[in-house]
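These are my notebook entries on a two-chain model, written down in the order in which I looked things up.

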Amino acid sequence: MNISRRQILILLPAAAVAWKSVLAGTPETASNYTMSDHWWGMLIDIPKCIGCGNCVRACAMENDVPDGHFRTWVERYHVSDEDMTNPEVISPDGGKEGFPVAEEDSKKYFFVPKMCNHCADSPCTQVCPVGATFVAPDGVVLVDPKYCLGCAYCVQACPYGCRYIHPVKEVADKCTLCYHRITKGLTTACCESCPTGARQLVDLKDPKDPIHEFLKTHPVQVLKPQMATGAKAFYNGLDGSVR
Amino acid sequence: MSVFKDAGHLFRFAGLFVLAFLLFLVIRHFVVPPSFGQYGHYRGAAMGEIAARPVKFAGHETCEACHSDVADAKKAGKHAHVNCEACHGPQEKHATSDDPSATKPPLPDSAVLCVRCHTASAAKPKGFPQVNPAEHSNGMPCDTCHKPHNPGMDAGGPK
């Protein structure tokens with residue numbers, strides 16, 4: 001068989017493309033966990049939060065969160081009825097060791113636990129220049145520490161301030177919704193250690209999840225809905241002064 | 001073939017382009033991880049790596065598998081929905097150990113533990129049980145009167 005130089009020049013790239021698709025291999029199969037069966041979120045019930053800081057401590061222990069950085073934290077709001085747009089907000093060490101005792105006065109108090117909202121249309125993943133952060137097929141926003149360059153675009157892009165640059169690894173770090181736990185059938189560390197049930201892991205694709213009934217019967221809001229991030233941290237009893 | 005008589009230099013140039021393209025494909029094959037693009041513009045294998053991180057909180061179902069007596073005591077009282085590790089801390093090592101008694105968690109100090117939730121503060125929800133610890137117990141440890149797993153006074157007093 002005689003193959004001309006021209007035929008070789010056409011055949012070689014075609015062969016290379018074909019070989020690449022052979023090498024791509026088959027997708028990994030995780031045991032007993034199908035990503036497409038889940039769409040994870042979190043329910044945060046503000047009237048139940050007592051500001052004990054259990055969630056902040058549990059998160060730090062479970063995920064080795066460095067001191068001074070937080071994947072979840074608790075804020076205490078102190079709002080006067082005349083000036084709702086200027087609440088006093090404190091979060092000493094993220095609320096890790098609780099809050100100072102508050103005396104009764106004319107203003108209202110409440111606690112707001114904060115964390116990654118695992119947005120369906122997340123601003124943080126859209127700005128990543130290298131594809132190191134992404135919304136997984138089960139709705140969890142994750143960071144690939146091996147691919148992240150630490151450019152911190154995502155830290156700036158998150159409207160909720162939920163990301164930080166890990167001081168040792170020098171890559172972006174954030175709440176994984178305890179991905180290593182929920183893929184094994186456990187709940188998150190913060191939910192596991194919340195004594196009042198103020199935090200509930202929810203699976204919006206599970207028809208038996210009580211979240212569906214809860215969303216139907218309660219006034220539930222997400223943070224900064226005007227930003228249309230598709231946030232999946234649902235807040236029950238969220239005050240209008242919360243930013 | 002008279003059209004191509006003087007076009008040899010063009011073919012050689014085109015050949016260079018094709019070679020460069022092939023080189024690009026070869027380099028790309030080695031630098032792009034195989035799972036990149038499997039689900040989207042990211043490395044699909046990253047999810048498996050994140051999911052493989054170690055668990056530290058075992059979960060209350062794991063605790064209850066052995067400590068069913070405590071689970072039963074807890075069910076009857078106000079702490080029914082407070083999970084074990086909310087007070088005892090992460091126990092995966094204790095739960096998966098061959099010798100659980102060697103990794104037994106220290107007993108929490110009620111002077112620190114109870115007040116964290118139950119110290120009276122105007123910031124807490126009104127219905128939540130809260131006391132001023134100094135006035136309430138006069139310095140006595142909480143577990144003098146309350147059983148931590150079922151703290152109600154009708155539950156039989158000291159543990």
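**Entry 1: the interface**

I looked up the buried area first: chain A and chain B bury about 4400 Å² between them, 63% of it on carbon and sulfur atoms, where buried area is the accessible area (1.4 Å probe) that two parts lose on being put together, summed over both. I note that this is a predicted model, in which local features need pLDDT of at least 70 and side-chain atom pairs count only at pLDDT 80 or more, while totals for chains, interfaces and linings use all residues. Residues are numbered from 1 along each chain as its sequence is written, chains are lettered from A and ligands numbered from 1 in the order in which they are written, and side-chain values use heavy atoms, with hydrogens and water left out.

Counting contacts (heavy atoms within 4.5 Å), I found that 59 residues of chain A meet 47 residues of chain B. I also counted 14 residue pairs in polar contact between the two chains, both residues being at pLDDT 80 or more; a polar contact is a pair of N or O atoms within 3.5 Å, and within protein one must be able to donate a hydrogen and the other to accept it, with residues adjacent in sequence counting only if both atoms are side-chain atoms. On the side of chain A that touches chain B, the elements that each supply at least two residues are α1 (5-23), α2 (54-63), β4 (108-115), β5 (133-135), β6 (141-143), α5 (179-182) and α6 (189-193). Of these, α1(A) gives the most, with eight residues. Helices (H or I, at least four residues) and strands (E, at least two) are DSSP runs, numbered from the N terminus.

By class, I recorded 35 nonpolar, seven polar and 17 charged residues on that side of chain A. Here Ala, Val, Leu, Ile, Met, Phe, Trp, Tyr, Cys and Pro count as nonpolar, Asp, Glu, Lys and Arg as charged, and the others, Gly among them, as polar.

**Entry 2: salt bridges across the chains**

How many salt bridges are there between chain A and chain B? I found four, taking a salt bridge as a side-chain nitrogen of Lys or Arg within 4 Å of a carboxyl oxygen of Asp or Glu; over all chains the structure holds 13.

One pair is Asp144(A) with Arg43(B), whose closest N and O atoms are 2.7 Å apart, and I saw that Asp144(A), Lys146(A), Arg43(B) and Glu49(B) are linked in a network of salt bridges. Arg43(B) is also among the residues that Ser35(B) touches, together with Tyr42(B), Gly44(B) and Ala45(B), when residues up to four places away in sequence are not counted. Ser35(B) itself sits in the loop between α1 (8-31) and α2 (45-51) of chain B.

A second pair is Glu97(A) with Arg116(B) (3.0 Å, N to O). This pair crosses from the loop between β3 (88-90) and β4 of chain A to helix α7 of chain B.

**Entry 3: helix α2 of chain A**

Next I asked how α2(A) is placed, and found it largely enclosed by the rest of the structure, because nine of its ten residues are buried; buried means under 20% relative accessible area, exposed over 50%, and partly exposed in between (1.4 Å probe, protein chains only). The cover over these buried residues includes β2, α5, α6 and β9 of chain A, together with α5 (84-88) and α7 (110-118) of chain B.

Since Arg181(A) lies in helix α5 and Glu62(A) in helix α2, the pair ties together parts of chain A that are 119 residues apart in sequence. Arg181(A) is buried as well, with a relative accessible area of 0%.

**Entry 4: strands of chain A**

I then followed β4(A), which is mostly covered, with seven of its eight residues buried. Eight bridges join β2 (residues 72-79) of chain A to β4(A), and the two run antiparallel; His78(A) has Tyr109(A) as its bridge partner in β4(A).

Finally, I noted an open sheet of four strands in chain A, in the order β9-β1-β11-β10 with mixed pairing, where two strands pair if DSSP finds at least two bridges between them.
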